[in-house]
Amino acid sequence: MMADRRRVNGPPSGTRPAVFTADLQLGASATDRAQRQRQPSELRKIFLKTGLIPTASGSSYLEFEPSASLAAARANPKSLIPPSSALKLACTVHGPKPLPRSAAFSPNIVLTTHVKYAPFAARQRKGHIRDSGERDLGVHLETALRGAIIAERWPKSGLDITVTILEAEDDRWWGSAPDSHDASWGMMNVLAGCITAASAAIADAHIDCLDLIAGGVAALVADESGNSAAGTTKLMLDTDPAEHRSILSACVVGYMPARDEITELWLKGDSSKASLEEGDDRSGHDALIDGAVDAARGAHTVLAEAVRESLLRIVGQS
Amino acid sequence: MSNQRQASSASQVPHLSPAELSYLYTSLSLPKTPIRPDGRSPTQFRPLTAETNILPGTNGSARIGFADGTQAIVGVKAEVEKTILSNETLASERGAGPEPTDQEGSTTAAVGGHGSWVQMSIEIPGFRDDDALPVFLSEMMRESLVGAVGTDENSDMTGGLKGRLVINKRWHWRLYIDVLLLSQPLAYPLPLLSLTTHLALLSTKLPKLKSQGEEDPFFDDDWAVAEYLYPRSSPSTGAKISSSSSRPSFVRPPVTLLVISVGENIIFDPNREEIAVADAVLAISITRDTQAGHLRLLSIRTVDPPSRLTQPGVPNSENVNMLGAVAPTDDIAVLNPVTGEEEVPGVWRPRRGGAKRSVISEMVKTVLKKGGVGEEVLEGLEGVEVS
Amino acid sequence: MPLDTSTTYPLTKLRLDGRRWNELRLIQAQISTNPASSGSSFFSMGNTSIMCSVHGPAEGRRGDASGSAGGAGAIVDVDVNVAGFAGVDRKRRAGGSDRQSSRIATTLRSAFQSHLHTYLYPHSTISIHVSVLSVDGSLLAAAINACTLALVDAGIPMPGLLTSCTAGMSGSASTPQDPRNNELDPLLDLSLPEEQELPVLTVGTTNSVPVGENNMDTDEEEMKVAVVTMDSKLHCTYVETMLAVGIDGCSQIRELLEGVIKGSSRA
């Protein structure tokens, strides 16, 4: 590997900030885990606006409401590290445009999806080349959207959908050791955001869809309230992974309310041990899917409103 | 080739005419008794040949060949690596104070293992290894591998595969799983790759550790005393567990099954033509829960069905060449009760939309139910002689 | 003292793995291993094992067929993939291919492009996929042998079997050969430790299968060298010895391969 001698590079693997023993005793209060303030079925507020990028044929910007702990930490800073992060992402749609001459004939629109974290999006810096997680998200998004777009209306055309994630959801609380639960739960929230934003951007680009498709997340988390027996689990909608000590299983769906159909389902984690509330005899995965669908229905109302707004804006311009 | 790349997750779009697709769909969606092109029952897998420990240079390896000639080879290699300790672990150690020098209890509790210690790469001819299909497949299989957590408190596998890779606080194994598909995939290669990976992991051995506790690890040179990555149960391994009373305490790697729904039917291990007409395609990862004696669900992913990319057929009523040749009553669009779309019988239309929740729930249930396909597959794999 | 061939050979006249100078490693070969391809083979020399499959001759891709080469005859397309678990240490790859495998692919392509009767298949592509399962020296030679077997299995016409083998010297061989006091011996079929330490040469030869009147002739005169590669430095007086040993090894392998091919056609 050629070293770049024109500038002074930092160490390749980064450094660790010094930790002083004094901080360790005092720091207990500053590094308190964020707690979920919302009801189990209460979603975070979503900001969604379309048409912000004029060069693209369709675009949208989506932001999740920061959790209460983040707002509290900003008002009264005890530590320089924010306790949690909130999703912010931008989506652009280019097309429909003709396929290159070399491409084979396609009777349907050819969809390409590209999901990229900005280098500063997560607590750990992301490289400029897409890693396997980002490529994986791209495939998930493609699966979700392909079911919603009426593809045969544009033969021989291509549609590029690019999602840039400006701030990603944490996979866990930053303070907990990486092995506490290292599955990438944050990616599921990111995917739900990507689906909702991409749907708005596609509507903004005036591409025919069966319905506006919305993403939703639900998770089974270990109950930490303390008043119930240990080992019980709770179904939570729209979970922020930083707020929970242990997520057993999570699910994200891409959902079309008008047809009551799921185009994308991604469920992981072990839900067999989950004991749901009294009188709920659904199996863990069914409850998760239903929960995620409920979350997606919530996101759909925002989505519909955002699309209506953008329509009014266009009508107003002409 | 470029066409294949575009149809990323759906493998390839088969070159079937709309008429063929429609015929296939009709026969597969016959209520209760689907007719598959190769005469299998809906839950029947394709015949396969399997062998393990074929490569002496690896820790574990397996080869599976399907009767249609597609073959996969999986090699597992393990390397010792230094664990990077985080500040928090250091802090907690310091906080615990110097008294517990004998860390018998804390080693098992503190170290949980990390999912990134398992690396998976899939090599498919005709695809670059950062193309969508290999990436999607490897992420799918890796997530169920590292996600599986043991249930038995006393065995080595308490923390699942992740926990097994921990040597001590400062050292761990890193597992490389390399999957090699030897020919271009004729069908969606997931079942083949998943079964082969399962067998390779079953045959994987790690050298026996001679050092103790927090020493730098060193190992027994004798390969004959090496220990299986997935420990064997003490009685005979091939024993079929018919009742959960014997309750053998062993953990097995997960398997990922490919399930499609066509009409109201649920079909397993689809071949290339069958998946081309699927309404919905799910990849479901399961493992056996040794204590409860039933199967556990580890992950579900939807796979983009290739049927969305197929070419539509033209009904006679819209075909200019057929004007006046048919009575208008010949083809009247009827509502397909499953997809909710208006369709002319016998005229193929690419699938649109997704799957109903009831369909997904039914597909999962078929996999998980007692005596269902999941158990059948795991028992079949158990029967493969692992030497 | 480190155990290597250059120190132990003068004392024992045995190589590191116990072979004499002119012995091949155990060769296992099989054809028609993969029914999904037009032709396939498995070939192993010692611990080097390779699976090879051939597809085609099939219609070339649109871009290639209009090219200059495609019109006259088939294009041989070779893809070499060294599995991550093939070596002793797991190899970390960037982007799917490395220098070693692309070099082997280039050598295979040029060797078989000129060897096969490609003029019989204009506007077609013969694609060869080589999967290296484990590496223990003589990789290129083993790949050539595996490809030959797979191409025979695919029924692609060629004038004779193209077989290959490596040859080396039992020392660094940097000074001129002394005919009176020759302490260096040539070695046949080098393994990985030998290959890294000693000068090594890969040679591939072919012979035309005698037909008709020439049937009774011995094929010595018909033998042609098709591939020679050497990367190491040695004094030029040794090259002839090494080539002679290598060519002899190729003939031995050819007999083995012929046995495999004939055996399988009977079955």
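Analyst: Let's start with a pair of strands: strand S8 (residues 200–206) and S9 of chain C run antiparallel and are joined by 6 bridges. One of the bridges links C:Thr206 to C:Lys224 in S9(C). This is a predicted model, in which local features need pLDDT of at least 70 and side-chain atom pairs count only at pLDDT 80 or more, while totals for chains, interfaces and linings use all residues. Residues are numbered from 1 along each chain as its sequence is written, with chains lettered from A and ligands numbered from 1 in the order in which they are written. Strands (E, at least two residues) and helices (H or I, at least four) are DSSP runs numbered from the N terminus, and two strands pair if DSSP finds at least two bridges between them.

The pair belongs to an open sheet of 4 strands in chain C, ordered S7-S6-S8-S9 with antiparallel pairing. Strand S7 (186–188) and strand S9 (224–230) of chain C are at the edges with a single partner strand each, so one side of each has no neighbour in the sheet. From one strand to the next, the twist averages 25 degrees.

Two helices come into the picture here. H4(C) lies across strand S6 (162–169), S8 and S9 of chain C, and runs at about 170 degrees to S9(C). H5(C) lies across those strands too, S6, S8 and S9 of chain C, at about 165 degrees to S6(C). Such angles run from 0 to 180 degrees between N-to-C directions, with axes fitted to C-alpha atoms, for helices over the stretch in contact; a contact means C-beta atoms, placed from the backbone, within 7 Å.

Now for the other sheet. It is an open one of 5 strands in chain C, in the order S1-S2-S3-S5-S4, and its pairing is mixed. Its edges are strand S1 (27–31) and S4 of chain C; each has a single partner strand, so one side of each is left without a neighbour in the sheet. With direction ignored, neighbouring strands are turned by 15 degrees against each other on average. S1(C) pairs with strand S2 (residues 39–45) of chain C in the antiparallel sense, over 5 bridges, and C:Ala29 has C:Phe43 in S2(C) as its bridge partner.

The helices return on this sheet. Helix H4 (residues 99–115) of chain C packs on it by touching S4 and S5 of chain C, its direction making about 155 degrees with that of S4(C). Helix H5 (residues 139–153) of chain C lies across S1, S2, S3, S4 and S5 of chain C, at about 150 degrees to S2(C).

Chain C gives 19 residues and chain B gives 24 residues to their contact. On the side of chain C that touches chain B, strand S3 (48–59), strand S4 (75–82) and strand S5 (124–134) of chain C each supply at least two residues. S5(C) gives the most to that side, 4 residues. By class, the side of chain C that touches chain B has 6 nonpolar, 10 polar and 3 charged residues, where Ala, Val, Leu, Ile, Met, Phe, Trp, Tyr, Cys and Pro count as nonpolar, Asp, Glu, Lys and Arg as charged, and the others, Gly among them, as polar.
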